[in-house]
Amino acid sequence: MTTYAEITAEDELVIERLLPGPIERVWDYLTDGDKRRDWLAGGRTDPSPGGAIVFEFDHSRLSDSPPPEKYADQQVVTMTGEVLVYEPPHRLAFTWPEKDAPDARVTITLAAEGGKVRLRLVHSGLGGPDYRIGVSAGWHGHLDMLGNALAGDPRGDFWVRHMALEKTYKERLGL
């Protein structure tokens, strides 16, 4: 398993992680806004299809450095998507509400493997090349932070990690 996102179709990426368990704890970090705030974004998750999933991004909570110029207007952003699948503790799917990719969806599956949990994230409906690079780097960096949170390790600096990953993904994706 590589920790890098793979573009599996022109508009889809897949990324996997093997995380500290148990599976119910990982599920909580996906769906509980207070825990999700430590690695991605706060906000509520309604526990049924058709409900809302709210992402309250505040990257200043995840970085000691200021945002890069290209993301300066995205330092604090709230996005609301729709829960498509809610099957604790194994499967969560939701729309990813972003103007550059209006049909984007995210599906996360969890599977117990011994004392660990395999997380598989599929983000489909990706926009153009710059969007694919940013989303690949974003999920990679945020999932690194999730792994750190679950392991009790220092979180690191999101913006420093994200910008380095954008360069890596630009090369990996040949863009």
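The largest nonpolar core has 45 residues, and those with the most contacts inside it are Trp 39, Phe 55, Trp 96, Leu 110 and Leu 119. By nonpolar core I mean a set of buried Ala, Val, Leu, Ile, Met, Phe, Trp, Tyr and Cys residues joined through side-chain atoms within 4.5 Å. Buried is under 20% relative accessible area, exposed is over 50%, and partly exposed is in between, with a 1.4 Å probe and protein chains only. Helix α3, residues 129-151, gives the largest share of this core, nine residues. Helices (H or I, at least four residues) and strands (E, at least two) are DSSP runs, numbered from the N terminus.

A word on the source: this is a predicted model, where local features need pLDDT of at least 70 and side-chain atom pairs count only at pLDDT 80 or more, while totals for chains, interfaces and linings use all residues. Residues are numbered from 1 along each chain as its sequence is written, and side-chain values use heavy atoms, with hydrogens and water left out.

Leu 119 is in contact with Ile 15, Leu 30, Leu 110 and Leu 143, among others, leaving aside neighbours within four places in sequence. Contact means heavy atoms within 4.5 Å.

Next, the rings. The structure holds ten aromatic pairs. Rings of Phe, Tyr and Trp (its six-membered ring) pair if their centres lie within 6.5 Å; planes under 30 degrees apart are stacked, over 60 edge-to-face, and the rest tilted. Trp 27 and Tyr 86 have ring centres 5.2 Å apart and planes at 75 degrees, so this pair is edge-to-face. Trp 27 is in helix α1 (residues 23-31) and Tyr 86 in strand β4 (residues 76-87), 59 residues apart. Trp 27 is buried at 5% relative accessible area, and Tyr 86 is buried at 18%.

Phe 57 and Trp 96 also make an edge-to-face pair, 6.2 Å centre to centre with 80 degrees between the planes. Phe 57 is in strand β3 (residues 52-58) and Trp 96 in the loop between β5 (91-95) and β6 (105-113), so the pair ties together parts 39 residues apart in sequence. Both residues are buried.

Now the charges. How many salt bridges does a search of the whole structure find? Eleven, where a salt bridge is a side-chain nitrogen of Lys or Arg within 4 Å of a carboxyl oxygen of Asp or Glu. In one of them, Glu 6 meets Arg 172 at 3.2 Å, N to O. Glu 6 lies in strand β1 (residues 6-9) and Arg 172 in helix α4, so parts 166 residues apart in sequence are tied together. Glu 6 is partly exposed at 34%, as is Arg 172 at 41%.

Asp 144 and Arg 17 form another salt bridge, at 2.7 Å, N to O. Asp 144 sits in helix α3 and Arg 17 in strand β2 (residues 12-20), 127 residues apart. Arg 17 is buried, at 6%.

Last, two single residues. His 162, in helix α4 (residues 158-172), is buried at 3% relative accessibility. Beyond neighbours within four places in sequence, His 162 contacts Tyr 71, Gly 134, Ala 137 and Gly 138. Pro 68 lies in the loop between β3 and β4 and is buried at 17%. Not counting residues up to four places away, Pro 68 touches Trp 159 and Met 163.
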